[in-house]
Amino acid sequence: CHLIHYLRLSHHLIVLNYVIHTFDKLKFVSSEDINITDAVFDGVEVRVFEPPMKGDERLKRSVVYIHGGGWALASARTSLYNNLCRVMAESLNAVVVSVEYRLVPEVRFPEQFHDTLRATKHFLQPDVLAEYSVDPGRIAISGDSAGGNLAAAVCQQLSKDEHLTIKPKLQALIYPVLQAFDFNTPSYQQNKNMPVLPRYVMINYWIDYINANYDLAHSLLINNHTALDVGQALSFRGRLNWTSLLPSSFKKNYKPVIQTTGKAEIIQEIPALLDVRAGPLLAENETLQLQPKTYILTCENDVLRDDGVMYAKRLQNAGVEVTLDHFDDCFHGCMIFTVWPTDFSAGIQTRNSYIKWLDENL
């Protein structure tokens, strides 16, 4: 993929997505019990999973789901996410709306955020909910990895929208990526070479998402963009102070990486690095206080572990009821790997725990 990119034949992410979709055709699992349809919500493609009505049932609960893939890969239509949403619809007897937001390199930040926000706000209209027989008081917004990033950012935006009459009851975030401020949290240091999502890959996803230059990778890796002399970063430092937000079992013996002098021009050229729509963990307490009851799933073998744990702690400090569901023996991305030949016990374990929480709280 990178060779093709280097030869300027195509963007490596386009090639990688092609490979994913080619192999994906082998894994589809269908269900006669769930009606699966494709629709367009305010210009954004979605896939809707509808279980049949049971008995005298009138309204169903619902989940708006946003898939992961570094804002650049996968799809609501790939079998891994199709199967996840089908199982959710069956297990919860809920209408699941899976958002097919546009990807890098076709679009960059903030377009993925705008796509998911538009689709979600469209679905939350009373007439649309009525069309799908959804209870307006029992709607969750959820997503994994980059989808968890978008779910958290959209939920924050919805919570501040005074014109919106219907808002999510819950948010459920699966190993979400929530900040590009500090790439040296203990989990980033501990899992920097962990397969599936090593640190350099996560940094490259950020660079692609915010439309930056790969030459910045090293500066981001050593936190030059948030050094002590970078004035724009000062107001955010306390909101991401992992020495106070993480438990000692996660901090271990790792030390903060805070540069005295850095490169302020990075933030000037790429303000998205400190944009709360890209990094929901940067949000002020006033916004966090407005968030609904929250579930956050984290995995020990994941550079993003501390993003989720810090967000849980900040939400708790703001008065939000939070369930932090941590798995010591699991890895980033594991929840979608539940179908042969990638039917891992970690996937079944995390998916069951996530669906159980939704079932008990939605």
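How much area do domain 1 and domain 2 bury between them? They bury about 2900 Å², 67% of it on carbon and sulfur atoms; buried area is the accessible area (1.4 Å probe) that two parts lose on being put together, summed over both. This is a predicted model, in which local features need pLDDT of at least 70, side-chain atom pairs count only at pLDDT 80 or more, and totals for chains, interfaces and linings use all residues. Residues are numbered from 1 along each chain as its sequence is written, and side-chain values use heavy atoms, with hydrogens and water left out.

**Domains**
- Domain 1 covers 1-180 + 281-360 and domain 2 covers 186-271, with bounds from an automatic or database domain assignment.
- Their C-alpha centres lie 25 Å apart.
- The contact (heavy atoms within 4.5 Å) takes 37 residues from domain 1 and 29 residues from domain 2.

**Interface**
- Two salt bridges cross between domain 1 and domain 2, a salt bridge being a side-chain nitrogen of Lys or Arg within 4 Å of a carboxyl oxygen of Asp or Glu.

**Residue N223**
- N223 is buried, with a relative accessible area of 2%; buried means under 20%, exposed over 50%, partly exposed in between (1.4 Å probe, protein chains only).
- The side chain of N223 reaches the backbone nitrogen of F183 at 3.0 Å.
- Leaving out residues up to four places away in sequence, N223 touches F181, D182, F183, N184, V257 and Q259.

Methods: Polar contact = N/O pair within 3.5 Å; in protein donor to acceptor, adjacent residues only side chain to side chain.
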